[in-house]
Amino acid sequence: MKFPLRKVDDLLKKWFFHLGVFIGHNPGYFIIVPLLLTLLFATGFQQMEYNYDPEYLLSPATGQAKEERTIQEKYFPIDYSNFQATRMSRMGKFGRVIATLNPVGSILRTDFWNDLIDVEEAVYNISVEHEGTAYRFGDICAKWNGYCITNEILGLAQLMPAVETGSLNLSTPITFDPVTFQSYVLPAYLGGIVTDEIGQVRSAEAVSMTYFLDLTEHWQILVGDAWEREFLATIERLSIAKPWLSLNRFVSSTPAWEMENSKNYITPIVNILIMILFCIFASSMSDSVKSKPLIGFLGLFSAALATISGFGLICYTKVDFIALCLAAPFLLFGIGIDDTFVMLSAWRRADRYHDVPERLGHTFSDAAVSITVTSLTDFLSFMAGVITPFPCVRIFCIYTGTAVAFIYLWQLTFFGGCLAVAGFAENKNKHGFLCIRVEPKSLSTNRSWFYRVFCAGGKNPSDPYNPMDNGEHAGMVWLRDKLGYALGLKWVKSLVLIIFTAYLVVSIWGITRIKEGLEKRNTVNYDSYSIPFYDAEDKYYQDYRYVINVVVSGDIYYSDPATQDTLEEMMKEFENTTYIAPGLSTSWLRDFLSFVDRNKHYEDIDIRMDTESDFVNTLDTVYLSDPDSPLTLDVRYNEQRNRIEASRFILQGYEVRDANAETAMVLQLREIAAKYTNQNIQVSVFHPYFIYIDQFLEILPQTVQSILVTSGFMMIVSFILIPNPICSLWVAFSILSIEAGVVGYMTWWGVNLDGIALINLIMCIGFSVDFSAHICYHYMSEENKSSEERISSSLYALGLPIVQGALSTILGVLGLAFAPSYVYVTFFKMVFLVIFLGAMHGLILLPVLLSLFGPGSCTSSGSSDMKSSRDEMVICNKLTPTLSMAPITVYGTREDKCCVVRRISHPNNSPMQKHRVSDIAGIENLGYDARNGDNKQYISNKMLNPTEPRLTPVPETDEAYDSIMHVLHHVARKHDSNAAFRPQQRLVRTDHPVHAHRLVLQQQDGQRQIDEKMTVSSTGSSTPNRVVTVVPGALGGQEKQLPDINHKRLIRSVSHRPDTDLNNTFGVPQKQPLRKYHSFPYKVFVNDTGYSSDDSI
């Protein structure tokens, strides 16, 4: 029973066949129109808008931190005239220096601090110009009470002589100036602090200095960019001038600038040149006419045109362009080249004796459905990435998904037209590269070796079936005869399953060790000036890196003791978490209540706390009356200043040293905030870097969601377009296996699960379908064959395109492996894993699994219903009844247009039975004229001239023999309806006199007899099925003597062993062929499909 969805496959095959025929008749339109459309879409690049903002690109758009920042900015917006770095909600513009000694040593030295004073002065003297006005740091700095925010730690320079002599000891975490009583929070500035048992500082190794800019107005952002660039240049000059100092520099724009600069490390010319050379080489053969180097190049060119069209169209829609999109073309070129090789393989397997439109129709029918599956799955996988909350993933998937759709359309149109033009050139026996007429190999034996190697090729019109001119592709033959044979061996299958089991174990082990999130240092290039800065920051400032704001808002009465107790309980719970330093928190409420408790008995201080208004008035006019107190930034009053709308508390993070600690800290703080949030109180926690930590929290669930959604799409598409449920299930299994392998092995390769990895995992699903779908689709299509034969046939048809497509994709992204950028190197690693594992699944694992558990695996290969499809072939009247070298494919309905030709083996078990030896001597004066609509097709008598043995057509495949039987069938039908059937019209088949039989079709007054186990069943007619049997000479009951003619022997052996002996195997001498055959014997390099030539050597 036919699988119901098989009708979809039949419909697509029929539609693509007609499309191929139409393109074959009108190739010019399909070449010119895509070119013009590409020129039109390319104008969209004028609208391209770059975006290098790492916060926007790498953080989830729906992250909770962005909501928390909105709440903080609602009540406590940044005021650069009253600026405190610990209370900012955005990083803004700044420059930062971490200074150490070179070599590293204690910085508690007077000369070191004097050098720091010089650095400070140099920074203050930086001048930038904007619209004719020069601005120094003092003009554009963020201020507090009218003065620039300074690095107050430099006040210790005056104390260093006393510290060096030991007369003054510094204490941590806070130390005081004994003269001015200025307090210094040492962990905020000093790094590598070493203390004694009582907390006194014995040494320190680093000092951090930060310079914040005012960004109140838009023009200041432009000035800030210029200032940051000048800041980097100034610090670099100071590093050269003071080699004993190590000045590690960083600015707020460093990640964005590094992402922008990373595109300069891509070498598109080198990559494209490598791909061009590979396409030309991979599309070439020893036969210069069948060789298609220009077609290989045009396949790459078609992918380039499609990529330009897709990108240009998206630029018109104002979607931001990101640096990662620059790596996409090389990946897209690989997709296009893969489709090219699939089409080219189908073209080579199509009957070269058909006219170009029909041959292109067969090519499209054979390859276009497979390409449709892979293109649709690639497109859907990228579209699934569009729904992710990460803008970098979403933007990349929009560009690449659109380009994939254009590649598919351009492959069917532009490349199809180019293939048709190449087909016309091939029919004219023109060189595949030089486009000049050349001689076939069989006629160029006397030419120079250079001509024979580089120029000879094509077919000999007077001898079209000469094996010298009908060689197969060596790679396709090797995959069928060597790899296919090996995968059919039981011990090889066992070895493959053992290796696959080990592969899964290592993959699962790697999955358990996966790290999440994109670290800050991975946003810059490997050779960036910021790498030493990140190293110094991780070494010296991990313990006190995060200063966290706790914002409390709502309808809260702070004068209520119950509210005060609740807020104090909340603060204590925050401070008792793992990653918060309890002694460094700042609570205005705690300090205010302590102040009230200490001063409530003093009559000179008016402290009233009875009502909410009194509470707020005392807080505002008494406790926070000093404008120099940073606590004034922590309370937000209403317009009447009699209620508190929101308040802020400060927590100090402690020992948050890696991504796991960061995510754990954020989750703990948010859990506590949610615990104390109710209908009256809203509590939120925030630090500017929480925006990036949300990536760590979101990446795993988003990855799982994307994998499940995309895998679901892939399975649905595979189930519809690969009309065999078992094959569809194995495609789904391959998806999961490849995905597990990529996730597991990327961990061992040092790749974290971040936004870049998520992009590649989405691609992985699409690419994993590509190779699996090719093999499964062809395996399913090979009906009525044993599993081993299906494996060999699938590898023969699509093994080479898989290898070529995988190599082209890897070569396309190979240049990214040498770019000093984590983004591009990770992209290469992931693509390599995806392509390599996908190819291994498609070429090795999947054929083994299909042979063991796929369609037909439960039936013995020797049973009657699993015999080779060469024993039962459906032939349609619509097809040209030529001596086809390719499998005959059914289009339309079988009931009214097709017949089944079935060969039954002879019961005698002769020694040569397994080799199925058959000789076709000739066809005598057989004319055929089949009309199907306006399509007239025939076999000329000239082609079937039995009087000239050299011109006798020798079929090279069983399908070719079935095509001859198709002719026979029509002659038989003609005899039924036409009494004037001519006696001389007969097909003469002469097998070996000892081990085969002879077959003669002759007239016997309308009578037929059954003898030779050769039946031709006509199906779908209005009358019951008829059995037409061709029998040994039955003319008048007496066998007619056949003319003695020289045979061209065709030996087809499953052993594939070469036999170059020109003598008859059984001692009967054979007449030597003409001189043109002397250089190449007929009995050579035999295989299942007939002759192979030097391409198989």
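**Salt bridges**

The whole structure holds 31 salt bridges, each being a side-chain nitrogen of Lys or Arg within 4 Å of a carboxyl oxygen of Asp or Glu. The model is predicted, so local features need pLDDT of at least 70, side-chain atom pairs count only at pLDDT 80 or more, and totals for chains, interfaces and linings use all residues. Residues are numbered from 1 along each chain as its sequence is written, and side-chain values use heavy atoms, with hydrogens and water left out.

Take Asp 225 and Lys 93. Their side chains form a salt bridge at 2.3 Å, N to O. This pair joins distant parts of the chain, 132 residues apart. Asp 225 sits in helix α8 (residues 218-241). Lys 93 lies in the loop between α4 (64-75) and β1 (94-101). Helices (H or I, at least four residues) and strands (E, at least two) are DSSP runs, numbered from the N terminus. Lys 93 is buried, at 12% relative accessible area. Asp 225 is partly exposed, at 25%. Buried means under 20% relative accessible area, exposed over 50%, partly exposed in between (1.4 Å probe, protein chains only).

Next, Arg 670 and Asp 694. Their salt bridge spans 2.9 Å, N to O. Arg 670 belongs to helix α22 (residues 659-675) and Asp 694 to helix α23 (residues 690-721), 24 residues apart. Both Arg 670 and Asp 694 are buried. Glu 68 joins Arg 670 and Asp 694 in a network of salt bridges.

Last, Arg 202 and Asp 196. Their closest N and O atoms are 2.8 Å apart. Asp 196 is buried at 16% relative accessibility, while Arg 202 is partly exposed at 46%.
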